[in-house]
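This briefing covers the chain shown below, by topic. Look at the sequence and the structure before reading on.

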Amino acid sequence: MSVAVAALSPPPLSSLRRAAGSTDPSSLSHLLDRLHLDARSLDAHTDESGRSPLHHACWRGSLTNVQALLDLGCDLDAWSTERGGGGGRRAPRAHVGCRPPLNPPAFPAPSFGVRPAGAHSYGKTPIFYAVTRCRDEVVQLLIARGARLRILNNKGQSVLSLASTHLSPRVVASLEAAEAAEGELPERLVARLDALPPEERPAVREAGWLDFHATHDDGQVYGDLDPRFTVAGPDDVVSRLAVNPTTREGRRLHKHLPGSRSLAWFPPRRDKAGAKADIDPTGRQLPRRRKRADLTTGAAPVGGVGRPGSATSAAELARALERALGPLVLLLEAGTTPDSAVPMSEVVDLATDVVTELASYKGAWLTAAALRIGRAGAPASLLREAADAASTRQGSNTHLVVRMLLQAASAPTEEEATRAAKAQAEVRARLPPLPIALAAVARERTQRARRAALQQAEVRRAARVAALQPQDAPAPRVVWVDSVEGVDELDAALSCALRVGVDTEWMDVGPGGSVSDAVVATVQFAVVDEGGREVAFVCDTRLDGDVAEHQAGDTMSILLQEYRRRLSETLRRVLLEEERPRAVGFAFAADAQKLARWLHAVGSCDGGGSALSAVELTTAIRSTTIDVQKLASEAGLGSRGQAASLQAVCRHWLSHLLSKDEQCSDWSVRPLSDRQMRYAAIDAIACLRVIDAMEADWGCSDAGPLHESL
């Protein structure tokens, strides 16, 4: 049995961007060889954020792909635009001229919850994405190729300010030297700016700087700002190359913070002792002062602590701690007595009151509060359970701080950890050494446990794989056609169909016959009716049937001839006329040859003959039929020497398993078995299902233009 179908379309554009970011350079090379795209076409294949394949290659750090794209001439100064997904209105622009003035007026920050049209990633060239992911080698390659460095993205970050916290000092020095050597804007960038609409142009500053922060600011607060274009506040940390320089740990923590990204965020900083900065209830990291209050001695830091705007001492903060922690400490101390139970919800509520009361204080109140709670003597398991209960609550970020407070209180102090380690060492020292035989038994027990764990893991993996396996292909409604009335029903179904799936089943002409000698036993037509239901018509096409098998008169012979004539007319209309419905098959070259012989033979038997020979009929049928196997090959399924089978195509596009158990059964026997009828119907309807999935994948509304492009 053979099946087939026709049409061609390029792979989706997302495949090109995925290949550019792949760690396997051969995937991009293979795709470029097939598509034959020039640099301009590659730069035009952007995602919803305006990022080209070169952006994706720099982001993923694929040095070979970056080299290949640059060799093709891709634009290494193209910037991202975030043109899709902007939920809010764009901030009004103050200029509409060719170039904005040097110091454009500041616009009011957008309200929380409204994402501006240029939110988060406007004005980032490929080198920004390489720096953000700490790709030293990619950045060095882009510098050597002449990437423009005097660009300020819409967050207020330059390439150099970002690199100061993300790259090695050697690469940062190279960046600084390359930026200093840059001059005014080159003519190609000037021409690009002139061609842009006024609302999409960045501000052009002195010395050739492109400033997207002045024209596309999203109103949020970030770290790693360029100090040359940022006015630092009193609580900001300023280094030589960045305002509020970030750390790897700080960037990781920010990524997992709950709540809106519109909240101002500062990177966590460390004092000389290496302690982390506190986090306030809004989820922000509070800036660390050089000296901190020692709550145990009452020493006040430089600049004072206490409530904002006041100059209260550390002693007042300590009194506030005792006042806020009083009810919680009493509850935890009561829980240390025998037969006492402390409700988790009450512990969380009191801890929330503590955080709310002390949230407006500056200083190390979080650490001091955790130490005081730990001295209450409550079991560490109780505090950890309360911390888990706080993490399940929804709402403001206060519960995040409550969880951190209770977790810090449950952690053992350094002295307790030292005492525990010392006690364990003493116990081990008092134990006698194990005999050799006992040690071998212990090792064997450990190995058995490890093998059992591996077997359980393999069972779980096999269960997950089985859950993801494709399902058997569903069967459509099947109609057997061997009379004129059946052909009338088939014609009615075809009259309202846009496409029809066509397939054939063959039978041998005698013992020792080859595949080329086989003739058509059935031809199947699959359509989707007006109600959206799938129907498959299995038509009898045997030409060697004896009239005596049906009845011993001439009337049945006349009916049989009329049936064959009507079926041949239907076949000619579907396979030879270019009007709808369009025929869709799979590997249809051999089927076209068998059907052409059948049509020619029916015309000869009826005495009318045929205007076309069997060879001419074969060529005409192949030219008007859409072959799905060719579409699958153009999409990359299969190998260079072996085209994809219908089973592989259905598995890839439909996640359906296609059984081929009945392919070699005897198709000359009448009546056909239920399994044969189901097999013939599924092969025909599978062609329609696959081409619908291809169009959904490729974004194509009609297979006709695809077929004509072959």
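A residue is called buried under 20% relative accessible area, exposed over 50%, and partly exposed in between, using a 1.4 Å probe and protein chains only. The model is predicted, so local features need a pLDDT of at least 70 and side-chain atom pairs a pLDDT of 80 or more, while totals for chains, interfaces and linings use all residues. Residues are numbered from 1 along each chain as its sequence is written, and side-chain values use heavy atoms, with hydrogens and water left out.

**The chain as a whole**

- The chain has 27 helices and 11 strands; these are DSSP runs (H or I of at least four residues for helices, E of at least two for strands), numbered from the N terminus.
- Of its 710 residues, 43% count as buried.
- The accessible surface of the chain is about 36200 Å², and 54% of that belongs to carbon and sulfur atoms; such areas come from the Shrake-Rupley method with a 1.4 Å probe, and for residues only the protein chains shown count as cover.
- Among contacts (heavy atoms within 4.5 Å) between residues at least 6 apart in sequence, 70% join residues at least 24 apart.

- Strands of a sheet pair through backbone hydrogen bonds, either parallel or antiparallel.
- Here two strands count as paired if DSSP finds at least two bridges between them.
- Six strands form an open sheet with mixed pairing, in the order β5-β8-β7-β6-β9-β10.
- β5 (477-481) and β10 (626-627) are the edge strands, each with a single partner, so one side of each has no neighbour in the sheet.
- Helix α26 (residues 674-698) packs on the sheet and touches β5, β6, β7, β8, β9 and β10. Its direction makes about 145° with that of β6; the angle, on a scale from 0 to 180 degrees, is taken between N-to-C directions of axes fitted to C-alpha atoms, for helices over the stretch in contact.
- β7 (residues 519-528) and β8 (residues 534-540) run antiparallel and are joined by seven bridges, with V527 opposite V535.

**Strand β6**

- β6 pairs with β7 in the antiparallel sense over seven bridges, and T504 has V523 of β7 as its bridge partner.
- With β9, β6 pairs in the parallel sense over three bridges; G501 stands opposite V584 there.
- Nine of the nine residues of β6 are buried. One side carries R499, G501, D503, E505 and M507, and the other V500, V502, T504 and W506.

**Salt bridges**

- Side chains of opposite charge can pair when their charged atoms come close.
- Counting a side-chain nitrogen of Lys or Arg within 4 Å of a carboxyl oxygen of Asp or Glu as a salt bridge, the total is 24.
- R566 pairs with D491, with the closest N and O atoms 3.3 Å apart. R566 is in helix α21 (residues 554-576) and D491 in helix α20 (residues 484-495), so the bridge ties together parts 75 residues apart in sequence.
- R566 is buried at 18% relative accessible area, and D491 is buried at 19%.
- D540 and R670 form a salt bridge at 2.9 Å, N to O. D540 lies in β8 and R670 in the loop between β11 (656-657) and α26, 130 residues apart.
- D540 is buried at 12%, whereas R670 is partly exposed at 21%.
- R565 and E562 form a salt bridge with closest N and O atoms 2.4 Å apart; both lie in helix α21, three residues apart, about one turn of the helix.
- Salt bridges with shared partners join D488, D491, R566 and R573 into one network.
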